[in-house]
Amino acid sequence: MSTSLVLTVLLAYFLLLILVGFVTTRKVNSEMFFTANRNSPWYLVAFGMIGTTLSGVTFISIPGEVGNTHWTYLTLVFGNCVGYIVIALVLLPLFYRQNLVSIYSWLGTRFGEKARLTGSFFFIVSQLVGASFRLFLVVGVLQLAFFDAIGVPFWLTVLITIVFVWIYTVRGGIKTIVWTDTLQTVFILISVGLTIVVVNKALDFNFSSAIAAIKESPLSRVFDFDWRSGQNTVKQFLAGVAITVCLNGLDQNMMQKNLTCRSLRDCKTNMFSFSFLFLVTNVLFLMLGALLYIYAEREGVVLPGKSDDVFPFLSLNYFGATAGLFFLLGITAAAYSSVDSSLTALTTSFCIDFLKIDPGNKEEKKKRIGVHIMFSLLMIFVVVLFRELNNSSVISSLFKAVGYTYGPLLGLFTFGLTTKYQVREKYLPWVCLLSPVVSYVVNCYSEQLLFGYKFGFEILLLNGFLCYLGLLFIRAKRHKLVPVNTLKV
């Protein structure tokens with residue numbers, strides 16, 4: 001693949017994003033960065049959220065993981081879809097009617113200022129490290145595929161990436177993100193669809209014969225009823241519900257987009273539509289994964305040892321220049337759609353929850369830009385730090401550990417919604433810190449402690465449950481009844 005061609009296409013793609021950012025901010029005001037003036041078309045939000053949900057890690061991991069766990073991931077996706085229904089019926093009405101900018105403001109009203117700051121803190125840590133990790137993996141692929149060949153060092157690749165993101169998000173914020181995510185979702189789907197077509201052509205399959213081959217393959221196994229397995233169907237499904245509620249419903253990054261819709265009805269329509277699109281997209285990724293392994297077996301291709309390398313390896317070496325080019329575009333789009341929305345959500349959460357900026361105040365625009373720059377620099381630092389660690393197991397463990405920080409958010413919001421208790425606020429941060437630590441220890445020794453039981457994604461449920469119990473333990477002796485449905489911010 002010609003390096004000049006790759007450079008031209010990538011530059012054209014980046015410039016297109018900047019152009020979209022410019023067009024969407026011609027009549028920008030201070031509040032638009034945070035809320036898009038609650039005027040986003042629901043269908044754009046629903047479609048664009050596909051790109052945000054399918055990060056660069058997911059883009060390369062789902063097809064490769066088919067070789068290890070087959071289609072058992074699909075049961076997690078079914079749980080995800082149920083989780084989106086919960087969000088649409090429970091959380092969206094709660095947040096939208098209160099006109100929230102940061103969803104953690106609700107915690108402040110429900111429990112007090114420490115709860116608000118604790119919730120926002122856990123989100124910021126999770127999002128900063130998680131987004132940096134996803135960017136690190138994707139930039140690593142781009143570095144090996146292209147930037148090393150032209151002598152661009154890793155740190156400069158990261159800097160260029162973040163600078164482009166900063167340029168097209170600094171003015172329009174979430175309003176720009178809604179449009180750029182839509183564009184990036186298009187590139188992701190084109191990349192996956194084109195690869196499926198190329199593999200089918202190489203195998204002399206049409207659509208029906210490809211489906212038949214996948215069905216006959218052991219790779220299409222969906223259900224696993226071994227209770228000790230990390231891919232157990234029931235555990236996967238329940239974990240899928242919890243993961244969606246946490247990573248979408250209790251996450252400022254995802255909810256900020258939903259809350260830009262024009263009405264609560266549009267918010268719900270967006271969520272229901274997105275859940276359907278999400279299911280279809282994941283099925284496409286699983287189909288692609290099965291076809292990649294079928295292709296490798298028939299052609300006698302020796303695949304890399306790591307499953308995450310399977311899709312990049314075949315796309316860049318066996319499927320021709322066009323497929324390889326669209327793979328790079330697809331993974332770049334997946335990375336950017338994740339990083340740009342993360343950067344905007346981090347800025348929003350810190351500005352609203354910690355600095356208490358008034359979204360409509362023009363005088364505080366400099367503070368918001370300063371925070372935007374701060375998180376851009378922090379993300380660059382974390383990504384380069386990952387590179388310097390040069391230990392994939394340490395970095396992966398750190399990423400998984402950060403995932404535990406969503407447990408306290410699950411516990412906090414569930415406790416607030418299902419009880420009317422107040423808590424002794426000075427102990428609340430400690431409960432939220434202890435619950436993920438205890439969950440992590442239990443997960444490490446679960447096979448010894450629980451007769452061979454291995455936790456999968458459902459560890460999040462245990463994490464949230466421990467936080468819930470801790471909050472129940474520190475409840476105020478004389479609690480006041482708080483009518484949850486009438487809370488004001």
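Helices H5 (73–97), H11 (233–249), H18 (406–418) and H21 (459–473) each supply at least two residues of the lining of the second largest pocket. The structure is a predicted model.

**Exercise 1.** Describe the second largest pocket: its volume, its central residues, the helix that gives the most to its lining, and the classes of its lining residues.

Solution. 
- Step 1. The second largest pocket holds about 270 Å³ of space.
- Step 2. The lining has 16 residues, and those closest to the centre of the pocket are Val86, Ala242, Val245, Leu410 and Thr414.
- Step 3. Helix H18 gives the most to this lining, namely five residues.
- Step 4. By class, the lining of the second largest pocket has 13 nonpolar, three polar and no charged residues.

**Exercise 2.** Work out how H8 is oriented relative to H16, and name the residues through which the two helices meet.

Solution. 
- Step 1. H8 covers residues 154–169 and H16 covers residues 365–389; their axes are 10 Å apart, and the packing angle is about 155°.
- Step 2. Angles over 145 degrees count as roughly antiparallel, so H8 is roughly antiparallel to H16.
- Step 3. The crossing in which H8 passes H16 is right-handed.
- Step 4. On the H8 side, the residues in contact are Phe154, Trp155, Val158, Leu159, Ile162, Trp166 and Thr169. On the H16 side they are Ile369, His372, Ile373, Ser376, Met379, Ile380, Val383, Val384 and Arg387.
- Step 5. Sorted by class, the residues of this contact of H8 with H16 are 12 nonpolar, three polar and one charged.

**Exercise 3.** Helix H13 packs against H3 and its axis also crosses that of H5. Classify both arrangements by angle.

Solution. 
- Step 1. Start with H3 (residues 42–53) and H13 (residues 264–299): the angle is about 40°, and the axes are 8 Å apart.
- Step 2. Roughly parallel would need an angle under 35 degrees, and roughly perpendicular one of 65 to 115. H3 is therefore oblique to H13.
- Step 3. H3 and H13 cross in a right-handed manner.
- Step 4. H3 contributes Trp42, Val45, Ala46, Phe47, Met49, Ile50 and Thr53 to the contact. From H13 come Asp266, Thr269, Asn270, Met271, Ser273, Phe274, Leu277, Phe278 and Thr281.
- Step 5. The contact of H3 with H13 contains 10 nonpolar, five polar and one charged residues.
- Step 6. Now take H5 and H13, whose axes come within 9 Å and cross at roughly 165°.
- Step 7. This angle makes H5 roughly antiparallel to H13.
- Step 8. H5 passes H13 in a right-handed crossing, and their contact has 22 nonpolar, three polar and two charged residues.

**Exercise 4.** How many cavities of 30 Å³ or more are there, and which residues line them?

Solution. 
- Step 1. The count comes to two cavities of 30 Å³ or more.
- Step 2. The largest cavity has a volume of about 50 Å³. Its lining consists of Ser30, Phe34, Ile357, Asp358, Pro359, Asn361, Glu364, Lys365 and Arg368.
- Step 3. These lining residues of the largest cavity divide into three nonpolar, two polar and four charged.
- Step 4. The second largest cavity contains about 30 Å³ of space. The residues that line this cavity are Phe34, Thr35, Arg38, Leu100, Val101, Gln256, Leu259 and Thr260.
- Step 5. The lining of the second largest cavity has four nonpolar, three polar and one charged residues.

How values were computed
Residues numbered from 1 in each chain as written. Predicted model: local features only at pLDDT ≥ 70, side-chain atom pairs only at ≥ 80, totals over all residues. Heavy atoms only, no water. Axes fitted to C-alpha atoms, helices over the stretch in contact; angles between N-to-C directions. Helix = DSSP H or I, 4+ residues; strand = E, 2+ residues; numbered from the N terminus. Left-handed = near helix turned anticlockwise from the far one by under 90°. Contact = heavy atoms within 4.5 Å. Nonpolar A, V, L, I, M, F, W, Y, C, P; charged D, E, K, R; others polar. 1 Å grid on protein atoms, 1.4 Å probe; cavity = no way out; pocket = protein on both sides within 12 Å on 5 of 7 lines; lining within 4 Å. Points joined across faces, edges and corners; volume = space filled by probe spheres on them.
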